[in-house]
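These are my notebook entries on one protein chain. I looked up a few things and wrote down what I found.

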Amino acid sequence: MKKKIICAVFVIAAVAGLMAVFSRTDERDRSDTKGKGQKTLCDETEKIAGSYREIYETAQKEGNLNDLKTVQKIVEKLAGDGHTAVDFDGELNMEHPEKIEKLCEKGRKKESGEAVILAVMDNGGLARYDLQTENGELYVTNTVVSWKDGEPKAQVAEEYRAHSWNYTEKGWLFFERYQPEGYDGDSGYTAIRVLPIDETCREYNRKYIKPVGYGLNQLFITDWSEEDYGSLDFYDLYEIFYEMKYGKQTGYDLAYEGQIYNIPEEQIQQVFTAFLSVEPEELRERMTFDEQSKTYQYRPRGMFDCGFTPYTPIPEVVDYQKNQDGTLTLTVEAVWPEENTEKALSSQVTVRPLENGGFQYVSNHMIPSEDDIDPVWYVERLTDEEWEDVLEI
């Protein structure tokens, strides 16, 4: 595998730092997008947002503004008006992607071109990307719309020449804003899926893969099965499975560095058996169990083992197979904006749908490739001995 070093930078799918509004220009001073002043650009964007006011107001009144169905209605409305539109979180296929494909082709040929992407946020807001190509360079202007007192308000968030950009074979558009050494502000990386993927793949990704993801766990980055759980850290899985089961975090105070808690055996078993077919004996072997109190020792991660960066690859299901035993095998690829790659690594994840609507993870098998990148975003938890050394210091 290729060795990669992570810097403390922010990495996301669609520039979460847009809401912290600021402006930037590069050395060529392209402050007027397509010849438009910022005020004109904001007025135009507010008008676009106003076109879906009725959808926004209805959803706000009914309390489902953050629902994917609401976002989809807005995307479809914008697409109906001829705009290239997608959702901010990458849950939907892009409408009118041909405009972006054409722009990227012009960019590759070092021709001049321009296009606009409208990304709908789950709060009814809007992120607008004005993209221009010139001499092989990509210029980006981000304009953000938020609703205030029932009115859409737009601000130009930033303008820059992309430090690097890439349009991949599978249809991912990556572009990066230059980050000075030591900069620890908002993300400089953006990844937007342009080409559509199968809707069933999206559904399976949303239900089975994204709730776990790649953040501080090994479920999708190492080989394991129900017969042999390999190197899986069950404490990492406990925190994730707990939130998946109850819709909230464990609730244990993370403020006390190195604090140890004792969790009742029944609670641990209920969390794990919801998502793994695991026996109590296996749990006791992989976690610290006190026979007398019938509790498990639990120490949350702290600042010393929290990882290098919170911005990890984005999981994407690209294929699936229904097996005769009722399980599903999903082919999952790790899209990593920081590395401008649509496949940092990949694996086959098998899940078992349950009659009650739930599911269990059955296995994960890595699909090796010479282009794989080491999952250096994952950091192992400190052992009890390592914690003792840290706390002494």
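Predicted model: local features only at pLDDT ≥ 70, side-chain atom pairs only at ≥ 80, totals over all residues.

Then I looked for positive phi angles outside glycine. Asn 135 has a phi of about 55° and is not a glycine. I found Asn 135 in the loop between β3 (126–134) and β4 (137–148). Is Asn 135 buried or exposed? Its relative accessibility is 55%, so Asn 135 counts as exposed, because the cut-off for exposed is over 50%.

I wrote down Leu 216 as well, where phi is near 45°, again positive in a residue other than glycine. Leu 216 sits in the loop between α5 (199–209) and β9 (224–225). With 24% relative accessibility, Leu 216 counts as partly exposed.

**Entry 1: cysteines.** I reminded myself that a disulfide is a covalent bond between the sulfur atoms of two cysteines. How many disulfides does the count come to? I got 0 disulfides, by the rule used here. Cys 104 has a relative accessible area of 2%, so it is buried. Cys 201 is buried too, at 4% relative accessibility.

**Entry 2: salt bridges.** I recalled that side chains of opposite charge can pair when their charged atoms come close. My search of the whole structure gave 22 salt bridges. I took down some of them.

Lys 39 pairs with Asp 43, and their closest N and O atoms are 3.0 Å apart. I placed both residues in helix α1 (residues 38–50), where they are 4 residues apart, or about one turn of the helix. Lys 39 is exposed at 63% relative accessibility, whereas Asp 43 is partly exposed at 37%.

Next I noted the salt bridge between Arg 177 and Glu 158, at 2.5 Å from N to O. This pair links distant parts of the chain, 19 residues apart: Arg 177 is in the loop between β7 (172–176) and β8 (189–193), and Glu 158 is in strand β5 (residues 151–161). Are Arg 177 and Glu 158 buried or exposed? I recorded both as buried.

Lys 294 and Glu 291 also form a salt bridge, with 2.2 Å from N to O. Lys 294 is partly exposed, with a relative accessible area of 36%. Glu 291 is partly exposed as well, at 46%.

Which residues are linked in a network of salt bridges? I listed Asp 236, Glu 239, Arg 301 and Arg 381.

**Entry 3: a charged patch.** Glu 380, Glu 385, Glu 386, Glu 388, Asp 389 and Glu 392 form it. I picked out Glu 386, which is in helix α9 (residues 384–392). Glu 386 has 37% relative accessibility and counts as partly exposed.

**Entry 4: a distance.** Last, I looked up Gln 267, which lies in helix α7 (residues 265–273). Gln 267 is partly exposed at 22% relative accessibility. How many residues separate Gln 267 and Tyr 296 in sequence? I counted 29 residues, and the C-alpha atoms of Gln 267 and Tyr 296 are 9.5 Å apart in space.

Methods: Residues numbered from 1 in each chain as written. Heavy atoms only, no water. Patch = residues over 30% accessible without salt bridge, like charges linked within 9 Å, V, L, I, M, F, W, Y side chains within 5 Å. Areas by Shrake-Rupley, 256 points an atom, 1.4 Å probe, with all protein chains shown as cover. Salt bridge = Lys/Arg side-chain N within 4 Å of Asp/Glu carboxyl O. Lys, Arg positive; Asp, Glu negative; His and termini not counted. Charge placed at Lys NZ, Arg CZ, Asp CG, Glu CD. Helix = DSSP H or I, 4+ residues; strand = E, 2+ residues; numbered from the N terminus. Buried < 20%, exposed > 50% of the residue type's maximum accessible area, 1.4 Å probe, protein only. Disulfide = S-S within 2.5 Å.
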